[in-house]
Structures are given as C-alpha cells and as structure tokens.
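This report describes one protein chain, element by element. The sequence and the structure come first, and the description follows.

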Amino acid sequence: MKKLILTVSVGIIVHLSYGQSDYVVTVKGDTLHGSAKILSYDIVDRVQLTVDKKKTSYTALEVRTVFMDSIIYHSIRHDNRYEYMRLLKTGYLSLYGFRIEKQFSYDGRYMVKRDGDAMEVPNLGFKKTMVEFFGNCQSVSDQLKSGELGRKHLDSLITLYNLCIDQNTKQNSSPIA
C-alpha cells in the first residue's frame, strides 16, 4: 500500500512539474500563459507565445517580462535596441546577461539601477568605469580603487552595492520625530 501511495504521489508531482507552462507579462500587466520563444533578429526583440497550437508574436515594447524554462527575461533598452535580457541578479542594481552579436548564449553582462542608470560591464577600463558607476557608495568604490574587488568579483560587487544602497535608504527614511 505504501508503495502504491508513493508511486502515485511521485507521478502527480512529476505531472505537475511538467504541466507548468511559460508565461509573459505585458506592459499592461496581463499575464499570458503558453509556450514562449524569444526571437532576436531585429532592432526590437520579439517573443512568440504558442497557446493551443496558435502562435502570437509580441514585441519587447509590448511584453515586459518573459518566464521561460524557469528563467526570467526582461525587456531592456541597450545600444538603441530593445532586447530580452536574462535576469542573473536582482536588487536596486540588477545584473543581466545579454546575447553578444552573432552568439546564442547570454554571455554579455549589463547592469541596470532602479533609477534608470545602466551600463554594460566593461572589459577595458573596468576599475575606473566601475568606480564612477558605484560612486554613490563610498565603501564599494574604495574596495575597487584598492584592488580588493575586481572584475572576477562582479557578483560580490553588486551584492555589496545593493547592501550599501539599502543601508543608506534605511538611514535616510527614518520617521521624523
């Protein structure tokens, strides 16, 4: 009896996990479920959503978020294009992966602050550029200047920066007595 219950339970879990579909969130806030596929061949990326064998295409200007294969993609403006970038790390400063020209993987790195400031992670002049970008957080800028943190510590840099911004925001948002 125990084996039967275990077998049925595992079957239900497997069925439910495979039954989950992709979805997109439009700029109007609507959530559309189906099978999603990102198409990148124009100035504005598109996402093709298939529902019951009917395919509908939406531009990156119409769809804000794509959830596909358990990965989140956001529509981001980059180099006069609107493209879907893979969300790698979220916070006040979010890190995204983007497709470098003529490649299929999301190997490029792009950082976006909630205030709209954004920058591609540079290869050349990393320290100088990043010190300027992280300028409103002295502790992170100092660690970059001293060489304690560098390009290979990008994940840590973003975490420290988000913590710094969070602490500064909490200090500045205390109630007035």
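This is a predicted model: local features need pLDDT of at least 70, side-chain atom pairs count only at pLDDT 80 or more; totals for chains, interfaces and linings use all residues.

## Thr-59 and strand β4

Apart from neighbours within four places in sequence, Thr-59 is in contact with Val-44, Asp-45, Arg-46 and Tyr-84. Thr-59 belongs to strand β4. Its relative accessibility is 15%, and Thr-59 therefore counts as buried, the cut-off being under 20%.

## The sheet

The strands form an open sheet of 10 members, in the order β4-β3-β2-β1-β5-β6-β7-β8-β9-β10, with antiparallel pairing. Strands β4 (54-59) and β10 (118-120) are at the edges; each has a single partner strand, so one side of each has no neighbour in the sheet. On average, and with direction ignored, neighbouring strands of the sheet are turned by 40° against each other. Pairing in sheets in general runs through backbone hydrogen bonds, and may be parallel or antiparallel.

Helix α2 (residues 126-133) packs on this sheet, where it touches β8 (93-98), β9 (108-113) and β10. The direction of α2 makes about 170° with that of β10.

## Strand β1 and its partners

Strand β1 (residues 22-26) is mostly covered, with 4 of its 5 residues buried. On one pairing, β1 and β2 are joined in the antiparallel sense over 4 bridges, and Asp-22 stands opposite Gly-34 in β2. These two strands, β1 and β2, form a hairpin with 4 residues between them. Gly-29, in the turn, has a positive phi of about 95°.

Strand β1 also pairs with strand β5 (residues 63-68), again in the antiparallel sense and over 4 bridges. Here Thr-26 stands opposite Val-63 in β5. Strand β2 (residues 31-39) pairs in turn with strand β3 (residues 46-51), antiparallel and over 5 bridges. Lys-37 is placed opposite Gln-48 in β3.

## Leu-87 in strand β7

Leu-87 lies in strand β7 (residues 81-89). Its contacts, leaving aside neighbours within four places in sequence, are Ile-72, His-74, Ser-94, Leu-95 and Tyr-96. His-74 is 13 residues from Leu-87 along the chain, and the C-alpha atoms of the two are separated by 6.9 Å.

The buried residues of α2 are Phe-126, Met-130, Val-131 and Phe-133. Viewed down the axis of α2, these buried residues fall within an arc of 160°, so they line one face of the helix. The face turned away from the buried side of α2 carries the exposed residues Lys-128 and Glu-132. In helix α3 (residues 138-146), the buried residues are Val-140, Ser-141 and Leu-144. They cover an arc of only 100° around the axis, which puts them on the same side of α3. In an α-helix there are 3.6 residues a turn, so residues three or four places apart point the same way. Just after α3, Gly-147 takes a positive phi of about 90°.

How do the two helices meet? The axes of α2 and α3 come within 9 Å and cross at roughly 170°. An angle over 145 degrees counts as roughly antiparallel, and α2 and α3 are therefore roughly antiparallel to each other. The contact is made by Phe-126, Lys-127, Met-130 and Val-131 of α2 together with Ser-141, Leu-144 and Lys-145 of α3.

## Nonpolar cores

The largest nonpolar core has 20 residues, and those with the most contacts inside it are Met-111, Met-130, Phe-134 and Leu-144. The elements that give two or more residues to this core are β8, α2, α3 and α4 (154-172). Helix α4 gives the most, with 6 residues. In soluble globular proteins, nonpolar side chains tend to be buried together.

Phe-134 touches Leu-93, Met-111, Val-140, Ser-141, Leu-144, Leu-157 and Tyr-161, with residues up to four places away in sequence not counted. A second, separate core has 14 residues, among them Ala-36, Val-44, Leu-49 and Ala-60. Val-44, a member of this second core, is also one of the residues in contact with Thr-59.

Key:
Residues are numbered from 1 along each chain as its sequence is written. Side-chain values use heavy atoms; hydrogens and water are left out. Buried means under 20% relative accessible area, exposed over 50%, partly exposed in between (1.4 Å probe, protein chains only). The arc is that of the directions from the helix axis to the C-beta atoms. Two strands pair if DSSP finds at least two bridges between them. Axes are lines fitted to C-alpha atoms, for helices over the stretch in contact, and angles run from 0 to 180 degrees between N-to-C directions. Contact means heavy atoms within 4.5 Å. A nonpolar core is a set of buried Ala, Val, Leu, Ile, Met, Phe, Trp, Tyr and Cys residues joined through side-chain atoms within 4.5 Å. Angles under 35 degrees count as roughly parallel, over 145 as roughly antiparallel, 65 to 115 as roughly perpendicular and the rest as oblique.
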